[in-house]
Amino acid sequence: MATLETDLVIVAAGASGLAASCQAAQLGLKVITFEKSSTTGGAANMGMGPLGIESPMTRAKQFQPTQDEAFNIFMNYVHWQADGRLVRAHLNKSGDTIAWLQALGVTFSEPASYFPGSFPTWHIVMPESGHPGPTAAATMFKIMTQKAKEMGVQLMLQTPVKSLIKEGGKVAGVVAEDRSGEEITVKAKAVIVATGGFGDNPKMIKKFTGFEWGKDLHTFAIPGLAGDGLRMAWEAGAMQSNIHMEISFGVADPMGLGLEWLPLFHQPHLMVNLQGERFMNEGEGNDSFKGNAIALQKERTAYLVFDEAIKDSMKTYLDYINLVIQIPCLAQIDEMIEKVLASGYPHFHKADTLDELAAKTRIDAAGLKATVAEYNGYCEHGYDEVFIKLKRFLRPVAKGPYYAIALYPAGYGSLGGIKINSKTEVLDKSWNPIPGLFACGTDACDIYGDTYVFQLPGNTMGFAMTSGRMAAETAAAYVKSLA
Ligand SMILES: Cc1cc2nc3c(=O)[nH]c(=O)nc-3n(C[C@H](O)[C@H](O)[C@H](O)COP(=O)(O)OP(=O)(O)OC[C@H]3O[C@@H](n4cnc5c(N)ncnc54)[C@H](O)[C@@H]3O)c2cc1C
């Protein structure tokens with residue numbers, strides 16, 4: 001059994017842990033960072049970039065919102081179901097985090113919005129390939145990992161932390177386990193927990209959010225995100241904060257189906273529930289709002305329904321594109337559909353009649369036919385009486401073959417669990433800071449009330465990186481106070 005000694009242990013090297021590691025090293029602390037997986041960056045390797053308000057780039061472009069505007073937008077959106085001081089600290093420092101990342105060597109392409117009406121706060125990383133898109137952020141974590149090492153951070157991969165050590169009411173180190181199963185005990189003046197939540201732990205998802213992963217929830221389950229940090233912090237006396245899933249909407253098994261389907265299921269075509277009824281304006285651009293509405297339907301299931309003519313129209317034009325869905329059309333849609341039908345993917349169906357489509361999808365046939373008739377009337381008159389969908393999205397579902405793909409609440413991972421204050425100090429059940437214990441990133445991110453703030457995109461990665469820096473700063477002040 002090895003025994004080590006250091007100023008600061010950082011539990012994990014994902015987005016928040018790496019930000020904490022670089023910041024703590026810059027502040028002169030001796031840092032050991034333990035990472036469970038064989039690589040750094042965590043879930044954020046899949047993403048495109050963090051939020052920045054009043055960053056050097058948004059200021060140069062005179063892009064809104066300002067810090068004050070962003071705070072009001074944010075708090076109104078979440079109905080003040082969040083610690084306003086923590087939100088203010090996160091937003092006010094987010095632009096500086098972009099500048100700090102640039103100084104570390106990260107390059108960003110232009111700040112972007114996510115959907116019409118959202119703000120250009122999303123700082124998309126310029127990847128090594130030179131083509132910003134999904135997984136662009138991985139380049140940022142490579143750069144940060146290299147910088148952390150150069151600044152003296154001792155980074156131990158495939159070495160999960162198993163428990164926190166508490167002595168005399170203070171957190172005073174951790175016990176980790178190396179690749180061969182040997183225990184490593186580290187005596188430390190402070191510990192930052194940054195393990196990314198429990199997106200890969202169906203039992204915790206069911207217990208804390210009620211969703212059944214793989215059945216009525218199809219979030220990305222990034223391997224290793226098992227809730228370790230929450231368990232360890234709670235064992236050390238931390239208070240439980242609000243817990244949610246970071247919900248948007250999507251298809252079952254998105255990676256198995258193939259990323260080329262992403263543009264298709266985001267199109268604002270007719271969407272019905274299992275009773276065959278429409279339940280929202282399909283043109284809503286906020287994916288979290290769509291996820292919320294789908295989660296309220298029977299079996300938390302919806303179907304996107306289109307006919308041959310709509311399918312063919314997608315060969316040359318897509319109604320909705322953004323920086324994730326970058327292609328303007330789906331020229332290969334016939335091949336995509338043939339491939340998925342041949343694969344036996346159980347959530348996509350083709351049928352010659354609406355009755356046959358209803359039988360295959362379990363949508364109520366009478367409900368579906370009544371809805372299609374009503375919807376086609378709206379298309380003819382150019383006005384959606386029920387949900388006011390934009391006229392340009394109103395295309396009749398007129399003639400078979402018909403197609404349907406199932407949509408579910410989906411998205412990213414969990415949110416929250418460890419209660420922190422606006423300085424990232426972990427609070428005990430009496431709301432007092434636990435000396436020596438700090439948390440950041442997803443493990444501590446309970447600031448979105450019940451719905452992710454997609455209106456200010458890049459928010460979770462932005463919170464991860466800024467709260468990681470804040471945790472390092474607060475921990476550094478604490479360590480210095482012990483000297
Ligand atoms: C497909 C996808 C796209 C996304 N795109 C964006 C985006 O563009 N913008 C945005 O704002 N957000 C995005 N997100 C969300 C973003 O990735 C997260 O908010 C961010 O990764 C959270 O950072 P974190 O440090 O809390 O967790 P992570 O980055 O997931 O890191 C957690 C780390 O903890 C490690 N770990 C777990 N347990 C232990 C243990 N016991 N000991 C040591 N290490 C441990 C894990 O291996 C992992 O490396 C996306 C997420 C997904 C899945």
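Some ground rules. The model is predicted, with local features needing pLDDT of at least 70, side-chain atom pairs counting only at pLDDT 80 or more, and totals for chains, interfaces and linings using all residues. Residues are numbered from 1 along each chain as its sequence is written, and side-chain values use heavy atoms, with hydrogens and water left out.

I'll start with the ligand. There are 35 residues around the ligand, and Ser 16, Glu 35, Met 48, Thr 442 and Met 461 come nearest. A residue is near a molecule here if one of its heavy atoms lies within 4 Å of it. The shell divides into 17 nonpolar, 15 polar and 3 charged residues. In that scheme Ala, Val, Leu, Ile, Met, Phe, Trp, Tyr, Cys and Pro are nonpolar, Asp, Glu, Lys and Arg are charged, and the others, Gly among them, are polar.

Next, polar contacts, meaning pairs of N or O atoms within 3.5 Å. A backbone N or O atom of Met 461 is 2.7 Å from a ligand oxygen. For Met 48, a polar backbone atom is 2.8 Å from an oxygen of the ligand. With Lys 36 the ligand atom is a nitrogen, 3.1 Å from a polar backbone atom. How much of the ligand does the protein bury? Alone, the ligand exposes 1000 Å², and the protein buries 95% of that, by the Shrake-Rupley method with a 1.4 Å probe.

Helix 1 and helix 15 are the elements that give two or more residues to the shell, and helix 15 gives the most, with 4. Helices are DSSP runs of H or I, at least four residues, and strands are runs of E, at least two, numbered from the N terminus.

Those helices also pack on each other. Helix 1, residues 15–26, and helix 15, residues 459–482, have axes 7 Å apart, at an angle of about 35°. Axes are lines fitted to C-alpha atoms over the stretch in contact, and angles run from 0 to 180 degrees between N-to-C directions. Residues in the contact (heavy atoms within 4.5 Å) include Ser 16 of helix 1 and Met 461 of helix 15. By class, the contact has 8 nonpolar, 3 polar and 2 charged residues.

Last, the backbone. The Gln 64 to Pro 65 peptide bond is cis, omega near 5°, and Pro 65 lies in the loop between helix 2 and helix 3. Gly 400 and Pro 401 are also joined by a cis bond, omega about 0°. Glu 54, not a glycine, has a positive phi of about 50°.

How values were computed
A polar contact is a pair of N or O atoms within 3.5 Å; within protein, one must be able to donate a hydrogen and the other to accept it, and residues adjacent in sequence count only if both atoms are side-chain atoms.
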